[in-house]
Amino acid sequence: MLFASRWWPAVLVPLGLLALTIAIGLRLRTASLVAHTGLTAATVIAAWRQRDGALLADDTGLLIRHRGRVTRSYRWAEIREAGLTRPGFGRLALAVFPDGGPWDVPGPNSAALVGRVWQWRRPDPSARERVEAVLRSHGVRITDLLS
């Protein structure tokens, strides 16, 4: 396993944002409590459904665990370059630049984000080293996207 979701950012961060927006709305008397509660509830439900996500690797390539199912993402031979990235607040993913021609999707110069998980902070150095070691051992170049 290269990295996995943590349960508390997936649920507690949206709940904290709900409390903050309700407090600001009540203070300014402008916010609709129903709208904020509905939007935050939708965020919490979406985060809760993705709480068990993980990015795994084996000898063949990358595997994704999403909603309890494991699926194959990319084979090592298809990956030209990869690096950890932060696609959004509280999220972590592996940006994979696959080999491909100019008409392939996602194309040779654009990344596909695989293994999106909920993590509050950047990965600890040992996890980052573990991901980079696995990538190097299979001949994948490392791109530093977290800096």
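Where does Asp-59 lie? And in which strand is the place of Glu-81?

Reply: This is a predicted model, in which local features need pLDDT of at least 70 and side-chain atom pairs count only at pLDDT 80 or more, while totals for chains, interfaces and linings use all residues. Residues are numbered from 1 along each chain as its sequence is written, and side-chain values use heavy atoms, leaving out hydrogens and water.

Asp-59 lies in the loop between strand E2 (54–57) and strand E3 (61–66). Asp-59 counts as exposed because its relative accessibility is 72%; exposed means over 50% relative accessible area, buried under 20%, and partly exposed in between, with a 1.4 Å probe and protein chains only. Leaving aside residues up to four places away in sequence, Asp-59 touches Trp-76 and His-138, where contact means heavy atoms within 4.5 Å. From C-alpha to C-alpha, Asp-59 and Trp-76 are 8.2 Å apart, and 17 residues separate them in sequence.

Some context for the second residue follows. The protein has three helices and eight strands, which follow the pattern β-α-α-β-β-β-β-β-β-α-β along the sequence. Of its 147 residues, 37% count as buried.

Glu-81 has its place in strand E5 (residues 79–85). E5 belongs to an open sheet of four strands with mixed pairing, in the order E7-E6-E5-E8. Strand E7 (112–118) and strand E8 (141–142) are at the edges with a single partner strand each, so one side of each has no neighbour in the sheet. Strands are taken to pair if DSSP finds at least two bridges between them.

On one side of E5 is E8: the two run parallel and are joined by two bridges. Across this pairing, Ala-82 stands opposite Ile-142 in E8. E5 also pairs with E6, in the antiparallel sense and over six bridges, and Gly-83 has Ala-95 as its bridge partner in E6. E5 and E6 form a hairpin with five residues between them, and Gly-90 in the turn has a positive phi of about 75 degrees. Phe-89 is also found in the loop between E5 and E6 (91–98). Phe-89 counts as exposed because its relative accessibility is 54%.

E6 runs antiparallel to E7, to which five bridges join it; here Leu-92 stands opposite Val-117 in E7. Eight of the eight residues of E6 are buried, so E6 is largely enclosed by the rest of the structure. In a regular strand the side chains alternate between the two faces of the sheet. In E6, Arg-91, Ala-93, Ala-95 and Phe-97 point one way, and Leu-92, Leu-94, Val-96 and Pro-98 point the other way.

Back at Glu-81, this residue counts as buried because its relative accessible area is 16%. Not counting residues up to four places away in sequence, Glu-81 touches Ala-95, Val-96, Phe-97, Val-140, Arg-141 and Thr-143. The side chains of Glu-81 and Arg-141 are joined by a polar contact of 2.8 Å. Such a contact is a pair of N or O atoms within 3.5 Å; within protein, one must be able to donate a hydrogen and the other to accept it, and residues adjacent in sequence count only if both atoms are side-chain atoms.

Arg-141 also forms a salt bridge with Glu-81, with the closest N and O atoms 2.8 Å apart. This pair links distant parts of the chain, with Arg-141 in strand E8 and Glu-81 in strand E5, 60 residues apart. A salt bridge is a side-chain nitrogen of Lys or Arg within 4 Å of a carboxyl oxygen of Asp or Glu. Arg-141 is partly exposed, with a relative accessible area of 48%. Glu-81 has a salt bridge with Arg-80 as well, where the closest N and O atoms are 3.5 Å apart. Arg-80 is partly exposed at a relative accessible area of 25%. By this rule the count of salt bridges comes to six.
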